[in-house]
Amino acid sequence: MTATTGTTGAPPTTAGGTAVEFSGVTRSYGAVRAVDGLALTIAAGETVALLGRNGAGKSTTLSMLLGLLPPDEGTVALFGGTPEAAVRAGRVGAMLQDGKAVPRVTVRELVAFVAACYPHPMDVSETLELAGLGEFAGRRVDRLSGGQAQRVRFAVALAGNPELLVLDEPTAALDVEARRAFWRSMRAYARRGHTIVFSTHYLEEADEHADRIVVMDGGRVVADGSGAAIKRRAGGTVVSFDLAGAPTGPLPGLPGVSAVEVRGDRALLRTADSDATVVALAGLGLVRGLQVSPASLEDAFLTLTSAAAPLAPAAAGTPATKEHA
Ligand SMILES: Nc1ncnc2c1ncn2[C@@H]1O[C@H](COP(=O)(O)OP(=O)(O)OP(=O)(O)O)[C@@H](O)[C@H]1O
């Protein structure tokens with residue numbers, strides 16, 4: 001990707017190379033293993049979503065990436081050096097989940113102050129524009145709504161014109177319109193050749209805005225690839241029907257079936273061969289309300305993580321795979 005900027009100074013651009021590298025990283029809090037043997041390489045210029053449920057280990061991963069938390073085991077490298085060195089050199093901008101507003105300064109003053117701390121900052125007006133703060137530039141930062149304050153945190157992350165932008169659940173407090181505007185800005189920043197890592201609970205956001213989705217669960221990477229590749233890997237087809245009191249015992253053994261889930265009186269079978277599954281179901285007389293549909297990204301996500309508690313787990317014990325569409 002080529003970097004084009006309309007910024008002041010001469011921002012360093014990362015043409016190729018590795019931006020982020022986790023090798024065998026583990027981190028526990030007491031008895032809780034928040035991140036468990038993480039190996040992850042992110043190339044410069046990639047936009048990567050860390051997708052996972054509450055407690056999957058995303059924030060802990062991002063804290064280690066930023067050098068805010070040391071790993072118990074393993075190493076984290078940014079641009080081939082330590083996270084601390086990359087942060088000190090102004091190569092990293094971060095937007096974390098919390099962060100208190102500084103009282104009594106205006107949005108523009110705050111962004112200008114932060115920009116001045118970096119060797120190759122972005123032009124302040126451009127930063128405000130990109131973060132959707134043009135009309136609030138003169139407003140005190142402690143007099144903003146939750147969504148506006150979130151945009152200020154985005155502006156602060158952008159101010160240094162970082163090569164690597166790290167965003168922990170960046171759209172959590174934003175309404176639909178602000179969310180759209182945020183992603184537009186983020187994509188514009190990514191097009192300049194910068195690397196972006198963001199965490200999210202939202203499958204659609206990950207699918208729509210990232211080049212690559214890293215699905216975490218229980219501190220581990222359970223899938224890594226494009227949205228399409230993840231759907232392919234965990235998806236296949238879902239065949240569903242009304243159980244009407246029929247026993248579920250034979251379902252996991254039907255041809256093609258990789259996972260079985262029961263929601264109320266409905267059985268959902270994930271299958272790699274829907275024709276064979278449907279024929280077998282017909283043989284058992286289980287065709288009431290029969291539906292055959294492609295697996296959604298959400299289906300894939302539920303298969304890859306343990307939330308669905310499938311009767312016959314599809315991928316239990318299999319290592320995470322990496323695929324690209
Ligand atoms: N400071 C802490 N002390 C003890 N346990 C913690 C601490 N921070 C996180 N944990 C635990 O570590 C695990 C991973 O938490 P983490 O915050 O990294 O997950 P997450 O994917 O970011 O979750 P969320 O989406 O809810 O922010 C969870 O089980 C959490 O309860």
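Analyst: Let's go from the overall fold to the ligand site and then to some helices. One thing to keep in mind is that this is a predicted model.

User: Fine. How many helices and strands does the chain have?

Analyst: There are ten helices and 14 strands. Next, look at burial: 44% of the chain's 325 residues count as buried.

User: And what do the contacts say about sequence separation?

Analyst: Here you ask how far apart in sequence the partners are. Among contacts in the chain with a separation of 6 or more, 70% are between residues 24 or more positions apart.

User: Now the ligand. Which residues surround it?

Analyst: Start by listing the shell, then sort it by element and by class. The shell consists of Tyr-29, Val-32, Ala-34, Gly-52, Asn-54, Gly-55, Ala-56, Gly-57, Lys-58, Ser-59, Thr-60 and His-201. By class, that makes four nonpolar, seven polar and one charged.

User: Which elements supply at least two residues of that shell?

Analyst: β2 (32-43) and α1 (58-65) each do. The biggest share comes from α1, with three residues.

User: Why is α1 described as largely enclosed?

Analyst: In α1 the count is eight of eight, so the helix is largely enclosed by the rest of the structure. The buried residues are Lys-58, Ser-59, Thr-60, Thr-61, Leu-62, Ser-63, Met-64 and Leu-65. Just past the end of α1, Gly-67 has a positive phi of about 75°.

User: How does α10 do on that count?

Analyst: Helix α10 (residues 297-304) has six of its eight residues buried, so it too is largely enclosed by the rest of the structure. Those six are Asp-299, Ala-300, Phe-301, Leu-302, Thr-303 and Leu-304.

User: Last topic, helix packing. At what angle do α3 and α5 cross?

Analyst: Check the distance between the axes, the angle and then the handedness. The axes of α3 (residues 107-116) and α5 (residues 146-158) come within 9 Å and cross at roughly 25°. Angles under 35 degrees count as roughly parallel, and α3 and α5 are therefore roughly parallel to each other. Their crossing is right-handed.

User: Which residues make the contact?

Analyst: From α3 you have Val-107, Leu-110, Val-111 and Val-114, and from α5 Val-152, Ala-155 and Val-156. Sorted by class, this contact has seven nonpolar residues, with no polar and no charged ones.

Methods
Residues numbered from 1 in each chain as written. Predicted model: local features only at pLDDT ≥ 70, side-chain atom pairs only at ≥ 80, totals over all residues. Near = placed C-beta within 6 Å. Helix = DSSP H or I, 4+ residues; strand = E, 2+ residues; numbered from the N terminus. Nonpolar A, V, L, I, M, F, W, Y, C, P; charged D, E, K, R; others polar. Buried ≥ 20, exposed ≤ 12 C-beta atoms within 10 Å, placed from the backbone. Axes fitted to C-alpha atoms, helices over the stretch in contact; angles between N-to-C directions. Parallel < 35°, antiparallel > 145°, perpendicular 65-115°, else oblique. Left-handed = near helix turned anticlockwise from the far one by under 90°. Contact = placed C-beta atoms within 7 Å.
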